[in-house]
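Please look through the structure shown here.

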Amino acid sequence: MRSFDLIVVGGGHAGIEAAVSAAKMGCSVGLVSMDKNGMGRMSCNPAIGGSAKGHLVHEVDALGGAMGLIADQSGIQFRTLNKSKGPAVWAGRSQNDREIYSEIASSMVAGTQNLSIIEEMIIDAIEEGKKIVGVRTAHGEEIKCKALVVCSGTFLNGLMHTGMSSTKGGRFGEKPSVGLTDSFVKMGFEAGRLKTGTPPRLHKNSINWQILDEQPGDVPPLPFSLRTPKDKFPYQPQLSCHITYTDQTVHKILEKGFGDSPLFTGKIQGVGPRYCPSIEDKINRFADKERHQLFLEPEGLNSELIYINGFSTSLPVEIQFEALKKIKGLEEVVMVRPGYAVEYDYFPPHQVDLTLETKLIQGLYFAGQINGTSGYEEAAGQGIIAGINAALKIQGRPEFVLTRSEAYIGVLIDDLVDKSTNEPYRMFTSRAEHRLVLRQDNSDQRLMKYGYEFGLIPKEMFDELKQRELVISKAKDIAEKKRIVPNDINPILERKELAIADNADTITKLVRRPELELKDILSVLPEDDEFKLLISDDKVYEQVEINIKYEGYIQRQQELIQKMEKYEKINIPLNFDYLKIKTISTEGREKLGKVKPRTIGQASRISGVTPSDISVLLVYLKS
């Protein structure tokens, strides 16, 4: 009988992070996938990052995860979004070659020590005394394990819909996973149904590119991973995306298919993503909108397929095709594959703890879409936390929890556990109340210490971080003291049509002026100036400028974090009986008992728990 310390079910973005991290921490890992060559296969758009999602990729990378490295090696376009806004919302995004991404992911998994790939379907999880002891495959084999991480994506009882036609499957051309849902329900878990969708795929040679708006990538492009060698990046040739729009004619055609829409006829029972709706849902909900923006994005360097971002649909095939041909640039389009919706099972995430271990069964962890999230990046963030915690539990070491003030991953998991979800959860910068200190540019300073502690980040890389932090600190000290005389700065002020300076001012004060940038100051300094030499590294330059320019705002946010931390330090026993405190509201008692918060801070964020409930709980805990 085969046996592993840890079994990971699913070779998607969550499964890769969970399996690779645990294996690097010294556990023997069996990664079970129905297709051993399908690691990291991108079910929807072959793109990584985006608003808030880019933050998650940088955090996974700082912890020692795989996603940033794979994205950098397979990226065919890189852009930093929201550059016209403040650094809190800057976010990296890459368009990736679908096949190359999966090839690199498969190679990385196969080359990881302590990790074995098992091409099978798991139909049953085996527990004894509320503790995971193994799994059973579709062929009847029992495989022993000390912990189990389930990263099943959209495959649990997956059902794909196009018009009134339905096919069993987790994504195009792949069968669903059956059995596991029933296994968990028998253990006492509550299950639900969610829905996601994907747009049609178009043939690139049938599109009139000349009349479309081009969207090129950044020059120079910026990688996700701190481990990506600058001299090799970008690895792949870079391509442009293009933009087009729907119009009222397109909308009227799509409306003809509403009567045969699985979404509107009730055939689809699962709830879809509110913030990434299908095109029919957009037209129905936003009837006042004259048009909707669409992005035509290549699926790969050698692929003939174009992904039409913004046109996710499950309408009948003939309606999809008729509507596409009325879109600017697509008049002669060839639809290679129609869009479809996929329904799948998930387990409402109030059933997991902040470590992503389930509250009902010891050693059982859920990560990714099984917890109700949508997106590769949300899955990867959960996967690495589940993998790390499973390894720590197996090794008898203390568990690992990221707080809301430490990482977007902390916000993600805290939201899932405290608020649960009945619709696909997507990360936004607005969900993070401390987003100015959770920028993607400082993810290494926030999280690399943990990756190093767990053996996922090499010592030389951690040493580089510590050295860089010393340089940043020294540069900031010099900026506080070094003064620029009027004769040097006034030509720049005049060029920008600003009032000239009468007195010398420090670099810090000048950079804090909204109209000036650090590069303006550097232009008046001699080449051998100590400050200029210190910040010659791009990473140091970026940190120094952001820290100087936004210091007041950052300081206020740090003070707020410290004020709130006192509630995070008041622990609540996990077996606490809330039912005996009658002065807590009925809903409050019910929600507290369901979530089982670890601290007063976590309790205060549970939907339905009032401030007065928290006051009562505080008094009771003190007594």
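Six strands make up an open, antiparallel sheet, in the order β14-β15-β16-β17-β13-β18. Strands here are DSSP E runs of at least two residues, helices are H or I runs of at least four, and both are numbered from the N terminus; two strands pair if DSSP finds at least two bridges between them. At the edges are β14 (213-215) and β18 (335-337), each pairing on one side only. From one strand to the next, the twist averages 35 degrees.

This is a predicted model, in which local features need pLDDT of at least 70 and side-chain atom pairs count only at pLDDT 80 or more, while totals for chains, interfaces and linings use all residues. Residues are numbered from 1 along each chain as its sequence is written, and side-chain values use heavy atoms, leaving out hydrogens and water.

Within the sheet, β16 (residues 293-298) and β17 (residues 305-309) run antiparallel and are joined by four bridges. L296 stands opposite I308 in β17.

Helix α8 (residues 317-324) lies across β13 (201-203), β17 and β18, at about 145 degrees to β18. Such angles run from 0 to 180 degrees between N-to-C directions, with axes fitted to C-alpha atoms, for helices over the stretch in contact; contact means heavy atoms within 4.5 Å.

F347 sits in the loop between β19 (340-346) and β20 (364-366). F347 is buried, with a relative accessible area of 1%; buried means under 20%, exposed over 50%, and partly exposed in between (1.4 Å probe, protein chains only).
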